[in-house]
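Hello,

Here is the structure I promised to pass on to you. Please have a look at it first, and then read my notes below.

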Amino acid sequence: MGLGRVYAVAVVGIDGVLVEIEADVRSGLPGVNVVGLPDAALQESRDRVRSAVVNSGEQWPRQKVVLALSPASLPKVGSVYDLALACAVLDASRAVPRTRLDNVAFLGELALDGRLKSVRGLLPAVLGARRAGRERVVVPAAGLPEAGLVPGIDVLGAHHLREVTAWLRGADNLMAPAPIAPEPAPGGPDLADVVGQEHARTALEIAAAGAHHILLTGPPGVGKTMLAQRLPGLLPELTDAESLEVTAVHSVAGILPVDRPLVRRPPFVAPHHTSTATSLTGGGSGMALPGAVSRAHRGVLFIDECPEMSIRALEALRTPLEEGEVRVTRAKGEARYPARFQLVLAANPCPCAPARPEDCVCPPAARRRYLGRLSGPLLDRVDLRIALRPPTGGVLLDAACEPTERVRERVVEARARAAHRWREGGWTTNAEVPGPVVRRSYLDARAALAPIEVALRRGLITSRGADRAMRVALTVSDLAHKPRPDDGDVLSALSFRNHG
Ligand SMILES: [Zn+2]
């Protein structure tokens with residue numbers, strides 16, 4: 001009979017890599033062999049693909065079928081190759097003309113009856129197909145809104161293998177993606193709902209403007225969670241590139257809403273304090289699932305009652321905080337997931353957690369141990385530490401609480417100043433600038449550093465802590481439209497480190 005060749009895409013981490021699928025139909029005992037590092041799911045897809053082909057009214061070859069996937073070094077997992085495997089067999093047995101097989105990548109899982117089902121990671125797969133020079137992808141109709149987000153490649157959707165074979169024979173029956181509806185205005189909870197807590201509101205604004213990590217301590221019910229939930233609303237909208245990147249992670253995680261797949265606002269992810277290290281960083285068999293740190297990429301990761309979290313889980317946060325990505329070890333090589341998030345930690349001041357601090361019954365040693373569970377290296381990366389107290393009488397009538405929208409305007413302006421300052425280094429926020437570069441930026445503002453030098457001499461902060469205070473002071477001055485920080489800004493930055 002003959003040889004068939006079509007293309008699919010493997011998703012490794014959030015990168016799509018073109019995979020060539022060859023089918024060889026030759027004389028011999030009827031049967032199907034798959035070669036090229038197949039995993040268990042791929043072996044299962046042999047039977048699924050055969051049933052789907054037969055149930056779509058096509059002939060399955062009565063000969064020996066060999067299916068090869070290359071490059072062989074890539075881990076090829078899951079069911080995303082079903083459609084391409086079917087098309088390769090139909091090509092090899094000359095059941096369909098070759099005309100439309102060239103320059104296409106076929107993506108999607110087949111049900112036994114021939115229906116096409118959507119798969120995780122469709123967006124990165126389409127991006128990979130475009131990067132590899134494919135002009136067109138054929139995807140499950142359910143995945144059209146997501147696949148259609150990628151410009152510069154022709155996207156066609158089908159419900160059933162039958163529709164794909166009709167198209168291969170020349171019909172113009174496949175669907176194009178519908179134009180994307182404009183995004184609604186950013187909703188979410190408003191900062192105006194948080195009554196009192198002036199100090200914490202200011203800290204949250206600084207955190208948003210500089211992308212600084214923040215720790216909120218205080219008794220239960222004081223508003224720590226409310227504040228954390230309002231941080232994403234203060235952040236600027238994602239750029240087009242960030243938006244595609246975040247959408248790609250959420251696509252691989254399988255958490256995109258079907259009808260409105262493009263993520264435009266910074267995500268908010270709040271793993272429970274009982275979460276394991278693996279659920280934070282990602283893993284699992286087959287196509288690894290991105291963990292909470294990656295689902296929070298370009299957004300906010302909020303961990304409430306963080307001293308209750310296991311030491312292993314807390315330690316697992318360190319690598320992504322340092323490197324902005326996580327590497328998940330796979331049977332063959334490793335997968336990388338971006339994980340550049342803003343961390344918000346919240347903690348009760350002690351294990352007994354009374355509503356009023358004066359009612360605490362914990363021995364002093366237990367109080368110290370409690371927050372001590374947050375390791376030095378982890379806490380050292382948290383620039384802002386805020387101790388919240390229950391609001392005192394009278395604040396409830398204080399109506400001067402600014403809404404999210406107004407604070408966000410200041411945050412966006414301050415971020416623009418920071419991005420302009422660091423434009424040559426390619427950084428966009430004060431929090432991501434390396435320590436030596438931050439120190440150099442103070443060459444024109446040496447006098448402002450006096451309070452930090454005192455704190456260093458007295459051993460009140462580490463040298464990394466000094467770098468972090470310098471970063472926060474830059475953000476404070478950005479919010480105040482100053483060309484460079486003065487000692488007031490530096491003192492204010494230090495005050496946010498000494499609470500809690
Ligand atoms: Zn206590």
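How many salt bridges does the rule find across the interface of domain 1 and domain 2? The rule finds 0 there, where a salt bridge is a side-chain nitrogen of Lys or Arg within 4 Å of a carboxyl oxygen of Asp or Glu.

Before the rest, some ground rules. This is a predicted model, in which local features need pLDDT of at least 70 and side-chain atom pairs count only at pLDDT 80 or more, while totals for chains, interfaces and linings use all residues. Residues are numbered from 1 along each chain as its sequence is written, and side-chain values use heavy atoms, with hydrogens and water left out.

**The chain as a whole**

The C-alpha trace of the protein chain spans about 85 × 45 × 45 Å along its principal axes. Its secondary structure comes to 19 helices and 18 strands; these are DSSP runs numbered from the N terminus, with helices (H or I) of at least four residues and strands (E) of at least two. Of the 500 residues in the protein chain, 53% are buried (buried means under 20% relative accessible area, exposed over 50%, partly exposed in between, with a 1.4 Å probe and protein chains only). Taking contacts (heavy atoms within 4.5 Å) between residues at least 6 apart in sequence, 74% join residues at least 24 apart.

**Back to the two domains**

The domain assignment gives domain 1 (3–168) and domain 2 (191–391), with bounds that come from an automatic or database domain assignment. Their centres, taken over C-alpha atoms, are separated by 39 Å. Domain 1 brings 18 residues to the contact and domain 2 brings 23 residues.

The area buried between domain 1 and domain 2 is about 1600 Å², and carbon and sulfur atoms give 74% of that. Buried area here is the accessible area (1.4 Å probe) that two parts lose on being put together, summed over both. Ile14, Arg120 and Leu149 supply 39% of the area that domain 1 buries against domain 2, more than any other three residues.

Between the domains there are 4 residue pairs in polar contact, both residues at pLDDT 80 or more. A polar contact is a pair of N or O atoms within 3.5 Å; within protein, one must be able to donate a hydrogen and the other to accept it, and residues adjacent in sequence count only if both atoms are side-chain atoms.

On the side of domain 1 that touches domain 2, strand E1 (2–12), helix H3 (122–131) and helix H4 (144–147) each supply at least two residues. H3 gives the most, with 4 residues. That side of domain 1 divides into 13 nonpolar, 3 polar and 2 charged residues, counting Ala, Val, Leu, Ile, Met, Phe, Trp, Tyr, Cys and Pro as nonpolar, Asp, Glu, Lys and Arg as charged, and the others, Gly among them, as polar.

**A closer look at H3**

Why is H3 described as largely enclosed by the rest of the structure? Because 8 of the 10 residues of H3 are buried. Among them are Leu122, Leu123, Pro124 and Val126. The cover over these buried residues includes E1, strand E2 (15–26), strand E8 (136–140), H4 and helix H8 (240–253). After H3 comes Gly133, with a positive phi near 90°.

**Backbone details**

Ser70 and Pro71 are joined by a cis peptide bond, with omega about 5°. Pro71 sits in the loop between strand E4 (64–70) and helix H2 (82–92).

Asn103 is not a glycine, yet its phi is positive, near 65°. Asn103 is partly exposed, at 30% relative accessibility. Arg298 is another non-glycine residue with a positive phi, about 65°. Arg298 lies in the loop between helix H10 (292–295) and strand E14 (300–303), and is partly exposed at 27% relative accessible area.

**Two buried side chains**

His213 is in the loop between helix H6 (198–210) and strand E10 (214–217), and counts as buried at 10% relative accessibility. The His213 side chain reaches the backbone nitrogen of Leu343 at 2.9 Å. Beyond its neighbours within four places in sequence, the contacts of His213 include Phe341, Arg381, Asp383 and Arg468.

Asp467 belongs to helix H18 (residues 463–479) and is buried, with a relative accessible area of 9%. With neighbours within four places in sequence set aside, Asp467 is in contact with Gly435, Val438 and Arg439.

Best wishes
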